[in-house]
Amino acid sequence: MMVQTRKQQTFLVTGGTGFLGSHVAVDLLSRGHRVLVLARGRSNSSASQRMEQLLNWFGIRKDQRMDLKILQGDLNRPGLGLDPRDARVVSRETDETVHCASDTSFSPDRREQVERTNILGLENLLDVVRESPCRALHLVSTAYVAGKSRGLCAEDFGQVREFHNVYEETKFRAEKIAAEHCAVNRITLYVYRPSIVYGNSTTGRTTLFKALYYPIRTLHFFQKLYTRDILENGGKKARDMQVLLGGNGVLHLPVRIQSSDECGLNLIPVDHFVEAFMAIRRGCPEGGVFHIVNPRSTTISRLADYTRRFFQLEGVRAVEPDEFLKQPRNGLELLFDSYIRYYGPYMQDRRIFENSRTSAILAGQNISCPEFSYQVFATCMRYAVETDWGRQL
Amino acid sequence: MFSEQARQTAGQCRHYAMCKIDYLGTGLCRSGEENQYVSHFPQGRMDIYHALCRGLVPITRGLVEIAGSCDLCGICDKQCHFVTGMRPVEVMRALKTHVRQWLEQGNQPVQAASDPDLEAMRRIVGDKWASNDPAVLLTYADDPFPLAGMRTPRYVALPKSREEVAALVRFANTRNLPYVVRGNGGSVFGFVFSDGLVMDMNRMKGIEIDRENWTARVEPGVTSFELQKEAVRHGLRANTAEPAATVCGNIVCTGLFSTWSNAYGVNADTFVDMEFIDSRGDFFRLNDPLAANAFCFEHKLTPAPGICTLAHVRLHPSTEDEEGLMVPFDDFEEAVLFARELSTRRIGLALGVLGGHYLSTFMSPSAELADKVRYGLTHALGLRYVVFMVGDRFAREAVRSMREFVIDSKLFRMLMLGLPRLGDDEWLDLVSGMHTDQPPYAILLRPEMYSLLEAVLRPSPETAAQAVDEDLQDFYAQLYARPQMTDMVWLNMFRIISARMSRRKHMFAFLVYVPLDRVQVIKQICGQLGRIADKYGIENDYGFLTPLDLGKRAILEYDYYIDHQDPLEKEKIRKALKEFEPYLDNLSASTKGVKWLKYIFSQGCARKEAFLYT
Ligand SMILES: Cc1cc2nc3c(=O)[nH]c(=O)nc-3n(C[C@H](O)[C@H](O)[C@H](O)COP(=O)(O)OP(=O)(O)OC[C@H]3O[C@@H](n4cnc5c(N)ncnc54)[C@H](O)[C@@H]3O)c2cc1C
Ligand SMILES: NC(=O)c1ccc[n+]([C@@H]2O[C@H](COP(=O)([O-])OP(=O)(O)OC[C@H]3O[C@@H](n4cnc5c(N)ncnc54)[C@H](OP(=O)(O)O)[C@@H]3O)[C@@H](O)[C@H]2O)c1
Ligand code: SF4
């Protein structure tokens with residue numbers, strides 16, 4: 001007979017329908033914990049239906065779902081909009097809270113909404129768990145709370161004065177609010193600051209096709225568009241854009257992307273994020289701030305190289321800014337330029353995220369961030385194309 | 001046996017009379033053209049079938065003749081579909097089938113008994129042109145206005161000349177017979193109904209262009225579409241609004257406002273003179289020094305000066321280099337201020353501020369596509385509002401020097417002919433993922449993007465035609481192959497797409513003259529009308545705004561949308577009326593520059609200065 005030595009822990013996870021929240025929730029389940037997931041319904045599907053769909057995607061068997069309870073709710077509403085029975089479950093059973101839900105929009109005209117979710121939503125959550133036995137708060141923040149800081153960004157609650165956008169700013173403010181609340185209420189606070197998270201490094205699977213994926217998806221769209229134009233419509237539009245299809249099936253797509261080799265993207269796969277999250281929780285009972293980042297950035301030039309190889313393209317390349325003085329941007333490049341400029345802080349990042357604490361914990365458990373190799377890239381892109389960039393998930 | 005589907009379609013006829021003008025070059029319903037009564041046009045047959053289903057009209061001789069005179073040519077399917085998305089031929093077929101089966105069962109149609117009054121009127125207008133057949137009368141008894149019920153006249157007469165109109169008035173006076181004059185009934189405000197006689201002006205179609213004076217003399221049956229066509233033939237342009245509205249009726253009823261009013265004015269600006277018949281049956285001209293003063297304005301509900309038998313309207317020059325232009329805006333206030341600036345600086349002729357809702361509705365050949373591309377236009381492209389302008393080369397250059405991003409005629413054509421692909425999910429995903437600190441149009445409307453957009457949209461008449469039912473696709477492809485169908489100037493002059501605004505539901509429009517320098521007042525009106533509608537669960541949206549009189553004033557349209565056959569929706573409007581009426585009444589009485597159109601109705605001949613600046 002098995003003797004249960006430890007009481008089963010109950011985690012409240014927010015953002016259960018999201019990319020990171022779902023991965024964390026599923027991992028906790030697989031470790032035998034009980035998980036209460038906060039999720040929103042949509043007009044055409046309830047919170048439960050959405051979560052069920054995700055669990056199917058993860059391949060979680062029905063019997064493995066016994067320890068999962070889906071709570072329909074919304075951060076923006078007082079009491080998280082929970083029905084009284086669910087609220088009682090939360091206040092009686094929550095041992096630890098993992099806060100992954102967030103509005104990740106950068107757009108200035110969505111400031112009000114972003115603030116509501118990321119600030120007020122956190123306060124609503126803290127109010128709800130205040131009544132519970134919860135002793136640890138795991139706040140999923142971002143490495144980019146560093147804002148416009150330059151150089152080395154410390155792994156602590158340092159001061160930051162300027163931000164690139166409302167997302168960074170509210171994530172920063174949320175950390176402060178959480179810190180104050182946890183100090184007063186004697187809750188252990190873990191602040192996880194991942195950089196850019198992409199799909200699983202061995203399977204390529206993901207539910208989110210933004211950040212890394214978006215610009216590549218755009219190139220893939222152009223590729224399909226002009227290949228069709230050439231094969232089906234005589235290729236006039238392709239010629240206008242100087243797009244050519246070689247006999248070997250390689251498409252010449254003239255897209256120059258402004259960049260420099262001193263900067264790049266800091267990318268981590270989702271499996272590493274989850275593994276690191278669990279290792280930190282296990283290995284650091286006193287909590288703290290943790291940069292979950294890749295020690296090596298990926299340059300745009302390398303990304304362009306991978307993209308050319310995988311998608312059988314030519315002409316996509318990273319160039320120095322003065323290239324554009326010689327030859328102005330074409331339409332395709334303009335689209336790219338606007339994107340790259342907007343996401344500049346993340347795509348052309350020169351900052352270094354100090355991570356000595358995290359790496360010490362991870363090293364102690366033999367965990368390291370997988371390299372963003374061509375193999376990994378290809379695996380992720382294969383999955384992206386197979387699922388039509390998530391549209392066929 | 002009635003067909004439920006046909007009944008439902010029949011009940012949805014909007015009464016905008018678009019089947020009475022040949023606006024697609026299909027020709028007109030032959031039966032309508034020959035018989036002229038509304039009952040013989042598709043609109044009338046829709047009403048008749050709907051009434052038959054509800055047992056509101058017996059099968060009369062007239063009805064048998066009306067049903068029989070439809071040869072199922074299919075013209076109305078094209079015409080009606082273009083604006084409403086409905087397919088009336090199914091109703092026409094159901095009507096014919098029903099009547100045929102009923103006769104086959106040995107039934108005899110009812111013959112409406114003649115009477116001395118009818119005989120007397122027939123002596124005035126000719127036997128064919130006065131009727132008391134219940135099926136004919138029924139088509140003059142109602143419109144989708146939700147706040148009034150059916151009112152069936154005793155007679156309908158279609159005079160051919162001013163003398164016949166005068167004779168009818170005098171005759172009606174001797175018999176104490178109430179009467180009302182009807183243009184094409186497109187006011188849809190319950191105005192053209194009477195318990196006595198309806199005078200339908202549809203046979204008075206004379207147009208005479210005076211090239212030297214830049215004017216036209218039009219009889220009361222002439223529609224805006226017909227006048228515009230004639231004016232264009234002479235290289236000129238008329239200020240026209242709804243194409244099926246009669247020019248005389250439109251001037252008298254609303255004062256005829258349109259986006260052209262920015263340059264050509266409203267009300268008395270539109271005409272040189274008007275001829276009326278007064279309540280005694282006597283003729284008078286407005287310019288006659290002894291005539292009652294119709295140029296003044298009274299802030300109260302006032303009857304029309306009489307029956308207009310001739311409008312002597314102004315025409316305007318146009319230049320070869322005129323084109324349309326749209327300037328996108330993210331924000332309403334910014335768009336309004338820009339339109340005002342153009343008007344103040346006298347840049348452009350036609351001017352208006354449209355919302356994304358109108359834009360997608362006008363541009364789409366089907367309601368489904370309009371719904372689908374609304375998001376694409378407003379969010380993915382960022383065209384929440386556009387300032388629409390028609391201007392010559394200099395005006396367009398001026399606008400380009402003021403705003404970096406515009407949709408010119410070439411781009412508009414591309415968007416219109418490639419619209420089904422603008423709603424393509426993959427493209428929309430891509431564009432909406434492209435968050436930047438600028439609105440998307442700031443990138444997508446750059447000249448460098450033109451070729452890419454073209455590759456994405458693959459614009460062609462055939463692409464545009466994909467949006468409609470398969471059996472109509474050939475027709476639409478041919479239609480969209482005509483340059484005018486994608487030409488902003490032509491479309492705005494002939495206004496054949498504006499009735500699409502009520503494609504999903506009938507529209508209950510609020511028109512309010514507003515002070516253009518006080519945007520807050522305009523926003524407040526939209527906000528309050530929106531709040532009232534929301535409170536009662538009525539769909540609502542901003543319509544358009546056109547500057548007037550060098551940007552000092554404007555006319556604002558805000559719309560409520562209702563299913564006029566749904567009693568619950570009518571009830572909602574009735575309840576909302578208790579709030580919007582006092583609100584707009586008070587505002588019109590107390591705020592300088594605000595005047596609800598309710599007070600202008602029938603004072604359309606008044607000088608605009610008499611109500612805009614009081
Ligand atoms: C979709 C839609 C959009 C519209 N947009 C506009 C717009 O932009 N601008 C605008 O000005 N209006 C607009 N209207 C309103 C409509 O066009 C006007 O009310 C116009 O008067 C309708 O013309 P009609 O010939 O059908 O008039 P009817 O509806 O037949 O008559 C309207 C009124 O005028 C009277 N009348 C008609 N003929 C005469 C005459 N010969 N002598 C005296 N009185 C007469 C009638 O008795 C009635 O009171 C719109 C209507 C619709 C349905
Ligand atoms: N992915 C990355 O690359 C990355 C990098 C750094 C940091 N992060 C951080 O990681 C966290 C998770 O991000 P993610 O990538 O998983 O994003 P995501 O997939 O967009 O998930 C966000 C989640 O938050 C939920 N949410 C948003 N507003 C809510 C509200 N008002 N009430 C309840 N739930 C709400 C969403 O619910 P719906 O599904 O109902 O919208 C969704 O489940 C965020 O805090 C983010 O800042 C992510
Ligand atoms: S189908 Fe009948 S009602 Fe329609 S246009 Fe032809 S003849 Fe007229």
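Predicted model: local features only at pLDDT ≥ 70, side-chain atom pairs only at ≥ 80, totals over all residues.
Where in chain B does Phe225(B) lie? Phe225(B) is in helix H10 of chain B.

Is it buried or exposed? Its relative accessibility is 5%, so Phe225(B) counts as buried, the limit for buried being under 20%. Leaving aside residues up to four places away in sequence, Phe225(B) touches Ile21(B), Asp22(B), Tyr23(B), Pro243(B), Phe494(B) and Ile496(B). For a sense of distance along the chain, take Trp596(B): 371 residues separate Phe225(B) and Trp596(B) in sequence, and from C-alpha to C-alpha they are 27 Å apart in space.

Next, the layout of chain B. It is divided into four parts: domain 1 covers 4–104, domain 2 covers 207–317, domain 3 covers 323–501 and domain 4 covers 505–614. Look at domains 3 and 4 of chain B. Their centres, taken over C-alpha atoms, are separated by 26 Å. Where these two domains of chain B meet, 18 residues of domain 3 are in contact with 19 residues of domain 4.

Now to helix H11 of chain B, residues 247–254. How many of its 8 residues are buried? The count is 7, and the helix is described as mostly covered. The buried ones are Val247(B), Cys248(B), Asn250(B), Ile251(B), Val252(B), Cys253(B) and Thr254(B). What covers them? Among the elements over the buried residues of H11(B) are strand E6 (215–218), helix H10 (224–233), strand E8 (271–277) and strand E10 (307–317) of chain B. Helix H10 of chain B is the one that holds Phe225(B). Just after H11(B) comes Gly255(B), with a positive phi of about 85°.

H11(B) also takes us to ligand 1. The largest share of the shell around ligand 1 comes from H11(B), at 6 residues. There are 29 residues around this ligand, and those that come nearest are Val181(B), Gly186(B), Ser187(B), Thr246(B) and Thr254(B). By class, that shell has 16 nonpolar, 10 polar and 3 charged residues.

Some polar contacts of ligand 1 can be picked out. Asn250(B), one of the buried residues of H11(B), has a polar side-chain atom 3.1 Å from an oxygen atom of ligand 1. With Gly249(B) the backbone is involved: one of its N or O atoms lies 3.4 Å from an oxygen atom of the ligand. Arg495(B) has a side-chain N or O atom 3.1 Å from an oxygen atom of ligand 1. On its own, ligand 1 has 950 Å² of accessible area, and the protein covers 94% of that. Strand E3 (179–182), H11 and E10 of chain B are the elements that give two or more residues to this shell.

Staying in chain B, we come to ligand 3. Which residues surround ligand 3? They are Cys29(B), Pro42(B), Arg45(B), Cys70(B), Asp71(B), Leu72(B), Cys73(B), Gly74(B), Ile75(B), Cys76(B), Val89(B) and Met92(B). Two or more residues of this shell come from each of helix H3 (42–53), helix H5 (75–84) and helix H6 (89–104) of chain B. The classes are 9 nonpolar, 1 polar and 2 charged.

Over to chain A, and ligand 2.

As for polar contacts, Arg50(A) places a polar side-chain atom 2.7 Å from an oxygen atom of ligand 2. Asn76(A) has a side-chain N or O atom 3.3 Å from a nitrogen atom of the ligand. From Val140(A), a polar backbone atom is 3.3 Å from an oxygen atom of ligand 2. The protein covers 90% of the 890 Å² of accessible area that ligand 2 has on its own.

Not counting residues up to four places away in sequence, Ser260(A) touches Glu320(A) and Arg350(A).

Note on methods: Residues numbered from 1 in each chain as written. Chains lettered and ligands numbered in written order. Heavy atoms only, no water. Polar contact = N/O pair within 3.5 Å; in protein donor to acceptor, adjacent residues only side chain to side chain. Areas by Shrake-Rupley, 256 points an atom, 1.4 Å probe, with all protein chains shown as cover. Contact = heavy atoms within 4.5 Å. Domains from an automatic or database assignment. Near = heavy atom within 4 Å. Helix = DSSP H or I, 4+ residues; strand = E, 2+ residues; numbered from the N terminus. Nonpolar A, V, L, I, M, F, W, Y, C, P; charged D, E, K, R; others polar. Buried < 20%, exposed > 50% of the residue type's maximum accessible area, 1.4 Å probe, protein only.
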